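Work through the exercises below with the sequence and the structure at hand. Each task is followed by its solution.

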Amino acid sequence: MANSWRISALRDRHLALGSQLEDWNGMGTAWTYHSDLADHHEAIRTHAGLMDVSGLKKVHYVGPHAESLLDQATTRDLGKLYPGKSVYACMLDDDGRFIDDCIIYRTGPNAFMVVHGAGSGHEVLVRSAQGRQVAVLFDDDLHDLSLQGPKAVDFLAEHVPGIRDLPYFHHLQTRLFERPVMISRTGYTGERGYEIFCKAADAPIIWDGILEQGKAHGIIPCAFTALDWLRVESYLLFFPYDNSQMYPFAGEKAGDTLWELGLDFTVSPGKLEFRGAGEHRRLEGRERFKIFGVLLDGNTAAEAGDTLWYQGRQVGVITCAMYSRLTGKSMAIARLDPCAAEQGLPLTVRGSLQVEAIAHTLPFDDPQKHKRTAKG
């Protein structure tokens, strides 16, 4: 069991389901349960699954300088963000290299909540806040339960009036099972899904209530590692596992550009001033690699670190892979040489297995994002 300094209020539930609570981001997290990850993947793609993602860092920034602090640190134009709206953003260092991504929620005129993964963005923001009129609160009492899948809205509609009208990347304050919650139409699965933010004391009641009353909708508890299967299909990156922190370039310090990661879309049109902006613009067209998909022959998943070859030369490395029994396809996210990031290019996989493959555009699933943005 992880010896973590952050403790989920759902710890006992995870232990009962067979988790050993591996450490992630300082919190014991349910990487796996006794049940099959393929069942978790299938539930989220066809019905719905409930995950505890409370290991994400949840930080409140409140005060007259909160907007300017976040606007300078991130790639998004926060002046366009109104209370009830959120946005996915990236953070760069002074060299224009990616250091973190986050979702920024505007909760009031001078109030924001920023939810981070395992990058260094939180530390950067805390240092930048010194001397400014902004209060910073790291909120571990706030838990985050992620209900994802096509049936998630049907279940919530039975308990939360107006939930069907909540647009993608919007949130509302409401009640669930008579407990105060903030429900956000966000997630990390490529499906229509919702994140339920609640007090730690209420998390067990809400978790139990969703699983008990959601049985008719096919809702099951899902382990954190199921996200790896879902993100491969949906082109969702996970710092640092897809980054040069894991796959360094010889003689270069760790750090990737948004152009390389395919995250340049997170720079708001016309925004020229943010940390690393000048270097970001200068590095366009100088990509050392591209994040791209790989479709493998056979019914076995590759492993992270397996290499990719074309005409006798290594042209890439797999960072995350999965086999879907729903589609019968073996898929992977890879870091490919730009010349090899071409739909249909024949490749050979070497490492945990040796099979033929092709380079494939991302995402594999729902490329137009119709599912996650659906209305009604």
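Predicted model: local features only at pLDDT ≥ 70, side-chain atom pairs only at ≥ 80, totals over all residues.

Residues are numbered from 1 along each chain as its sequence is written, and side-chain values use heavy atoms, with hydrogens and water left out.

**Exercise 1.** State how many helices and strands the protein has, and compare its radius of gyration with the globule rule.

Solution. Begin with the DSSP runs (helices: H or I, at least four residues; strands: E, at least two). They give nine helices and 19 strands. Next, take the radius of gyration over C-alpha atoms and the rule as 2.2 Å times the number of residues to the power 0.38. The radius is 21 Å, close to the 21 Å that the rule gives for 376 residues, so the protein is as compact as a globular protein of that length.

**Exercise 2.** Find the share of buried residues.

Solution. Buried means under 20% relative accessible area, with a 1.4 Å probe and protein chains only. Of the 376 residues, 57% are buried.

**Exercise 3.** Describe the largest nonpolar core and the contacts of Ile 206.

Solution. A nonpolar core joins buried Ala, Val, Leu, Ile, Met, Phe, Trp, Tyr and Cys residues through side-chain atoms within 4.5 Å. The largest has 53 residues, and Ile 206 is among those touching the most other members. Helix H6 (residues 203-213) gives the largest share, five residues. Then list contacts (heavy atoms within 4.5 Å). Beyond its neighbours within four places in sequence, Ile 206 contacts residues including Leu 145, Leu 176 and Arg 179.

Note on methods
Buried < 20%, exposed > 50% of the residue type's maximum accessible area, 1.4 Å probe, protein only.
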